[in-house]
Amino acid sequence: MYRIAICDDDELFLELVYETLQRYCSKQGIGVYIQKYNNTLTLSEDIENGKLFEAYILDIEMKCYSGLEIAKMIEARSSMPYIIFLTSYSSYAVEACGMRIFRYVLKEKMEQQFPMVMDALFAQLKIMENNDNYIMRNIRKYVKFPQRSIIYIYKESKNAVFVLTNNGRE
């Protein structure tokens with residue numbers, strides 16, 4: 001079962017996204033737990049307390065924290081989050097592209113693009129699920145990556161350094 005968080009301070013739109021995602025998953029036979037957040041304070045508290053999800057669907061302009069700030073909080077705690085911005089504002093697209101987001105969708109195009117975005121999301125989640133994954137945790141962050149992406153591991157001081165096929169080091 002996949003866990004997905006949706007955060008939007010527009011409660012009507014939040015409910016629309018929730019229902020659309022529920023219908024999509026039901027039609028595709030995908031087991032999913034969806035947590036709705038209508039404010040960023042509650043979501044940020046959950047992130048700080050280690051309540052993490054495989055995917056996040058975030059608006060950008062919200063009270064307290066922007067979706068961009070929430071995305072940074074998520075990435076500080078999890079190495080492989082799938083973040084989808086679903087927003088009315090195209091002006092943030094360039095800044096969002098500089099982050100490790102999965103997709104950027106304008107609300108006005110949600111109806112047309114949502115099925116394709118969900119197809120791509122669940123295909124990626126399935127790949128991660130089918131690989132034997134290695135999960136590490138330290139004080140600040142959870143890191144999850146496929147075991148087959150490990151080239152070698154070496155010791156550096158008190159730490160183990162993982163060298164991965166994507167040129168990443170964890």
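Student: What lies over the face of Y18, and at what distance from the ring centre?

Tutor: In this predicted model, K36 lies over the face of Y18, at 4.4 Å from the ring centre. The limit for a charge over a ring is within 6 Å of the ring centre, and the value for K36 is 4.4 Å; the description therefore applies. A further case is K107, whose charged end sits over the ring of F13, 4.4 Å from its centre.

Student: Why is T40 called buried?

Tutor: The relative accessible area of T40 is 1%. Buried means under 20%, so T40 is classed as buried. T40 is found in helix 2 (residues 40-48). Leaving aside residues up to four places away in sequence, T40 touches C7, M62, K63, C64, Y65 and I70.

Student: What makes the pair of Y82 and F102 edge-to-face?

Tutor: The planes of Y82 and F102 stand at 85°, and edge-to-face requires over 60 degrees. The centres are 5.4 Å apart, against a pairing limit of 6.5 Å. Y82 belongs to strand 4, whereas F102 lies in the loop between helix 4 (93-97) and strand 5, 20 residues apart. Y82 and F102 are both buried.

Student: How do you know that F85 and Y104 form an aromatic pair?

Tutor: Their ring centres are separated by 6.2 Å, and the limit is 6.5 Å; they therefore count as a pair. With 65° between the planes, this pair is also edge-to-face. It links F85 in strand 4 with Y104 in strand 5. A search of the whole structure finds 7 aromatic pairs.

Student: Why are strand 1 and strand 2 said to pair?

Tutor: Pairing requires at least two bridges, and strand 1 (residues 2-7) and strand 2 share 6 bridges in the parallel sense; they are therefore paired. Within this pairing, I4 stands opposite I34. The open sheet has 5 strands in the order 2-1-3-4-5.

Student: What makes strand 2 and strand 5 edge strands?

Tutor: Strand 2 (32-37) and strand 5 (103-106) each pair on one side only.

Student: Which residues touch the most other members of the largest nonpolar core?

Tutor: Of its 27 residues, these are I4, V17, L21, I57, M118, L121 and F122. Helix 5 gives the largest share, 8 residues. L121 touches I4, A55, Y82, I84 and F102, not counting residues up to four places away in sequence.

Terms used
Residues numbered from 1 in each chain as written. Predicted model: local features only at pLDDT ≥ 70, side-chain atom pairs only at ≥ 80, totals over all residues. Heavy atoms only, no water. Helix = DSSP H or I, 4+ residues; strand = E, 2+ residues; numbered from the N terminus. Buried < 20%, exposed > 50% of the residue type's maximum accessible area, 1.4 Å probe, protein only. Contact = heavy atoms within 4.5 Å. Core = buried A, V, L, I, M, F, W, Y, C linked by side-chain atoms within 4.5 Å. Phe/Tyr/Trp six-rings, centres within 6.5 Å; stacked < 30°, edge-to-face > 60°. Lys NZ or Arg CZ within 6 Å of the ring centre and 35° of its normal.
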